[in-house]
Amino acid sequence: KDQKVCLWVVLGLIWVGLFPTHAMAEQDYKIPFTSVEVPVPKQKLSSDKEWIKSFSDRENIIATLLGESRGEKIKDSSYKPMQAVANVINNRSKRNQWKSRTSFTDIVKQKQQFEVWKISSDPKKNKIFEDNRKDIFSIMRNKNTQEYKDAEKITDLLLKGELKDITDGSDHFYNPNKTTSKMASRLTNTLKIKNHQFMNSLLDS
């Protein structure tokens, strides 16, 4: 009997040696797995036209302030000149003359009123407007210049109704060094900030 038991034990050991268990086979013959990183495609920036179409009142006001006053500096700051332009935008939103304009976007994009939105049939002038727009939209994409931060702060105050009017209610302005204005001869001047002369049409009504 003992001899039979020993024989079966020996046969069992031989069997295990010749035919490893599934677990042993999986461990000994497992195929190594190599991870492959799948590149994630970079998000493509929208074109300027698509991007501009998505602008809210806030972005349109910021662009307008940059277009009109980023080069108008007092002690290396364009804050006050931008604030004055924002006052004009805000005052227009309250006047009957612009009552058909139902948003700040409508006001700043009124035909041929503000620099950043102007177009011209003269190719040379239109090139100047286009180059100006490229500069402005580059500033807006980067968002890291002091001019942008000033325009952003002023715009947010305007939209909250907290922007102080430093223009005595002005609803017009122009640069006498660059253009003549028929309107200027009919309106009362309020103040001049750097190169911009401001005027209030209510003082002449």
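D156 is partly exposed, with 24% relative accessible area; here partly exposed covers the range between buried (under 20%) and exposed (over 50%), computed with a 1.4 Å probe on protein chains only. The model is a predicted one, in which local features need pLDDT of at least 70 and side-chain atom pairs count only at pLDDT 80 or more, while totals for chains, interfaces and linings use all residues. Residues are numbered from 1 along each chain as its sequence is written, and side-chain values use heavy atoms, with hydrogens and water left out.

Side chains of opposite charge can pair when their charged atoms come close. A salt bridge is counted when a side-chain nitrogen of Lys or Arg lies within 4 Å of a carboxyl oxygen of Asp or Glu, and the structure holds eight of them. In one of these, D156 is joined to R58, with 2.7 Å between the closest N and O atoms. This pair links distant parts of the chain, since R58 sits in helix α4 and D156 in helix α8 (residues 146-160), 98 residues apart. Helices (H or I, at least four residues) and strands (E, at least two) are DSSP runs, numbered from the N terminus. R58 is also partly exposed, at 23% relative accessibility. A network of salt bridges links R58, D156 and E152.

Another salt bridge brings R95 and D171 together, at 2.6 Å from N to O. R95 lies in the loop between α5 (79-93) and α6 (104-108), and D171 in the loop between α8 and β1, so the pair ties together parts that are 76 residues apart in sequence. Both partners are buried: R95 has a relative accessible area of 13%, and D171 has 0%.

R133 and E130 form a salt bridge whose closest N and O atoms are 3.1 Å apart, and both residues belong to α7, three residues apart, about one turn of the helix. R133 is buried at 10% relative accessible area, whereas E130 is partly exposed at 34%.

A pocket is found on a 1 Å grid over the protein atoms alone, as an open set of points where a 1.4 Å probe fits, with protein on both sides within 12 Å along at least five of seven lines; lining residues have an atom within 4 Å of a point. Helices α3 (48-53) and α7 each supply at least two of its lining residues.

The largest pocket holds about 1000 Å³ of space. Its lining comprises 34 residues, and E68, Q113, E115, K118 and T179 lie nearest its centre. Two or more lining residues come from each of α4 (57-69), α7 (123-142), β1 (172-174) and β3 (196-200).

Strands β1 and β3 also take part in an open, antiparallel sheet of three strands, in the order β1-β3-β2. Two strands pair if DSSP finds at least two bridges between them. At the edges are β1 and β2 (188-193), each pairing on one side only. Four bridges join the antiparallel strands β2 and β3, and N189 has M199 in β3 as its bridge partner.

How values were computed. Points joined across faces, edges and corners; volume = space filled by probe spheres on them.
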